[in-house]
Amino acid sequence: MTTKSAAAAIATVYGYPRQGRGRELKKAIEGYWKGAVTADALLATAADLRRGNWQQLADSGIEEVPTGDFSLYDHVLDTTVAVGAIPARHRAAVDADPLDGYFAMARGTQEVAPLEMTKWFDTNYHYLVPELGPDTAFTANPAKAAGELAEALALGHEARPVLVGPVTYLLLAKPAPGVAADFEPLTLLDRLLPVYAELLADLRAAGAAWVQLDEPALVQDRTPAELNAAARAYRDLGALTDRPKLLVASYFDRLGEALPVLAKAPVEGLALDFTGSAAANLDDLAAAGGLPGKRLVAGVVDGRNIWINDLEKSLATLATLLGLADTVDVAPSSSLLHVPIDATIERDIDPQIVRWLAFAKQKSAEVALLARGLREGAGAIAAELAANRADLASRATSPITRDPAVRARTAAVSEADARRAQAYPQRAEAQRARLGLPLLPTTTIGSFPQTSELRVARADLTAGRIDAAAYRERMEAEVREVIAFQEKAGLDVLVHGEPERNDMVQYFAEQLTGYLATRHGWVQSYGTRYVRPPVLVGDISRPHSMTVDWFGYAQGLTGRPVKGMLTGPVTMLAWSFVRDDQPLADTARQVALALRDEVTDLEAAGAAVVQVDEPALRETLPLRTADRPAYLAWATEAFRLATSGVRADTQIHTHMCYAEFGAIMTAIDELDADVISLEATRSHMQVAGELAEAGYPREVGPGVWNIHSPRIPSTEEVVELLRAGLAVIPAERLWVNPDCGLKTRGWTETRASLESLVGAARRLREELAG
């Protein structure tokens, strides 16, 4: 017999993928930017996708659908609009045309820089950072939240609006340009809370019974002052009389010291993650006395990875939770924004493996099934539980997942294998003698524009309209053009442009054993940028070289050094869906050994410079400080293992972008790369100062061109950024490069921007020489 809590259980989710099965949203937005799609048509496409999402959820058995999670670019930017925190430089554009002003904040214009962009906690999703200052005036703008709620209610759905909570919003914010760096946005809480009160009142008037306020920042280590701010925020919001019921949601990790704060708050419900390291929330919740009289939404289905749920284990967790709250509902651990839409449309994957996979549609069904099992008892879903047990056993015993030779090689790795034979000063001297580069050497990060012609060629090859030889000919023509342009522009260290690569992770995954690639598994990275993370299903090895042929072709076209370009082991994990049946450190070491073979092959083919990108090193950093040392130990070891098999005069580069680097300065040093390039434009060269303060002794390329904006920097702008870099980094250790790869830019912007970059370097060389 079920308890009252179990009988009331419903299925819900916090958010759903936005793009549509055919990435209709991406196409509509980019069409709007090009002037080929009207604003009305764009908004109609968005409305159709929302309706489709809600219906998909309802068909899967989800009884309470989210609203407000859908976004034309980013949900944090949507919150900035909802609370009226528009930066002064964008105010006129927003007032003139809210849609164009919204995109101007996201992407910038030729005249005005965009908001800074960085990673959403430890995911590969990017959000736009709010810019706040002592003079920020908040005003409520409920149009989007109330409008989307009205849409869902009109369609007959039980709906719950979702907003970024006020504490997380302020903790994610940064001081606006011109505001003192030590300004703390959280000091604006008392000014922001009345605006949230207005939004809640408007949502109640629009028909909301519940509103979800997301507070994932509270799963990180927080000071007593920050915890007091959270307590005050929910005391004040809870005391409001004109509001819906409040569900405060956290995810990605355990709440820890914030749990009793929220448990005691006068709100009607909490949503907690109970997967992975967040499973500790179960014991913590019991220790805090549970949630008497409150609703608990239990995130027991992993919202970030793509493996099927262990249904019996989740039911056991839910049964334990029943005594800790007035009602227990079932949900994924986080928004399903972070997984693809539907695994069943993957026709190129072994059907046996497809049964191990759960994308957003399958996860919604798992949540609904668990809610039914909680309400009616395990016997009501006995057949589904038996099928789930069989699928879990199939994966656990499959030879696909184990390679004894890979495991033996990994076990034999020694500490010496992960260290360069020579210290950096000796390497630097040998590399300068070999390369003969000028002061402030110029380079790019790796990729050049992925034009429509390149995408068509790739599609033609896949569809069989051209053969491998014709495809190779098209790619070689592009490499010739890229090399010729770089020589003419005056760049010092060249790249081949990566025209043959569909993605910086997928390209390698498709050539390594143990990985599988999806055809339709698109996941939003930022704005209209979608990626297809490959799936790590088994042990990793490299059957053959992956980049040596392309490097050799490009190097044969020029006398200047061409970089060998690889993606590092941590990023290969972070931007894939990883195995959950072995420690990440073990998988990282397997990938590192495969890359080590590629690095040494590149060196043997004549590469004097090899770049191994690790943009995900920071984003994969555990959210809790206590968990970080172990992660950084294996992550930096994996990079060194991949790169330490080369001679002293081979220069190893790495690259990172769009993250907060201050927390990993020691780890950056531990990588022992000879040159590191980092994003620096949107953060106004902040990272250069952080590296200098940390005493970083190697060469650095802080980016001087924001490649995620269509605007072209002038030579003067680049000069000023470089002056800021030179103020803290000696000229003999400073490189000049863009923030990131140029894959998303067009050739017109690329040519003009790189000319500005090279011109700025030349001007400063002349000044330094004179």
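In what order do the 7 strands of the open sheet with parallel pairing stand? The order is S1-S5-S7-S8-S9-S10-S11. Strands, like helices, are DSSP runs numbered from the N terminus, with at least two residues (E) for a strand and at least four (H or I) for a helix. Two strands pair if DSSP finds at least two bridges between them.

The model is predicted: local features need pLDDT of at least 70 and side-chain atom pairs count only at pLDDT 80 or more, while totals for chains, interfaces and linings use all residues. Residues are numbered from 1 along each chain as its sequence is written, and side-chain values use heavy atoms, with hydrogens and water left out.

The protein as a whole contains 29 helices and 20 strands. The C-alpha trace spans about 75 × 60 × 50 Å along the principal axes. Of the 770 residues, 62% count as buried, where buried means under 20% relative accessible area, exposed over 50% and partly exposed in between, with a 1.4 Å probe and protein chains only.

Strand S1 (65-67) and strand S11 (325-332) are its edge strands, each pairing on one side only. The twist averages 30 degrees from one strand to the next; such angles run from 0 to 180 degrees between the N-to-C directions of axes, which are lines fitted to C-alpha atoms, for helices over the stretch in contact. Strand S10 (residues 291-301) pairs with S11 in the parallel sense over 7 bridges, and Val301 has Pro332 in S11 as its bridge partner. Helix H7 (residues 143-154) lies across S1 and strand S5 (159-164), and runs at about 160 degrees to S5.

A second open sheet has 5 strands in the order S16-S17-S18-S19-S20, with parallel pairing. Strand S16 (563-567) and strand S20 (699-702) stand at the edges with a single partner strand each, so one side of each has no neighbour in the sheet. Neighbouring strands of this sheet are turned by 20 degrees against each other on average, direction ignored. Strand S18 (residues 651-656) and strand S19 (residues 675-678) run parallel and are joined by 4 bridges, with Leu678 in S19 as the bridge partner of Met656. Helix H24 (residues 584-604) packs on the sheet and touches S16, strand S17 (609-613) and S18, a contact being heavy atoms within 4.5 Å. The direction of H24 makes about 175 degrees with that of S16.

Rings of Phe, Tyr and Trp (its six-membered ring) pair if their centres lie within 6.5 Å; planes under 30 degrees apart count as stacked, over 60 as edge-to-face and the rest as tilted. The count by this rule is 14 aromatic pairs. The ring centres of Trp120 and Tyr127 are 5.9 Å apart and the planes stand at 75 degrees, so this pair is edge-to-face. Both residues, Trp120 and Tyr127, are buried.

Phe252 lies in the loop between strand S8 (245-249) and helix H11 (258-264). Most residues other than glycine have a negative phi. Phi of Phe252, however, has a positive value near 85 degrees.
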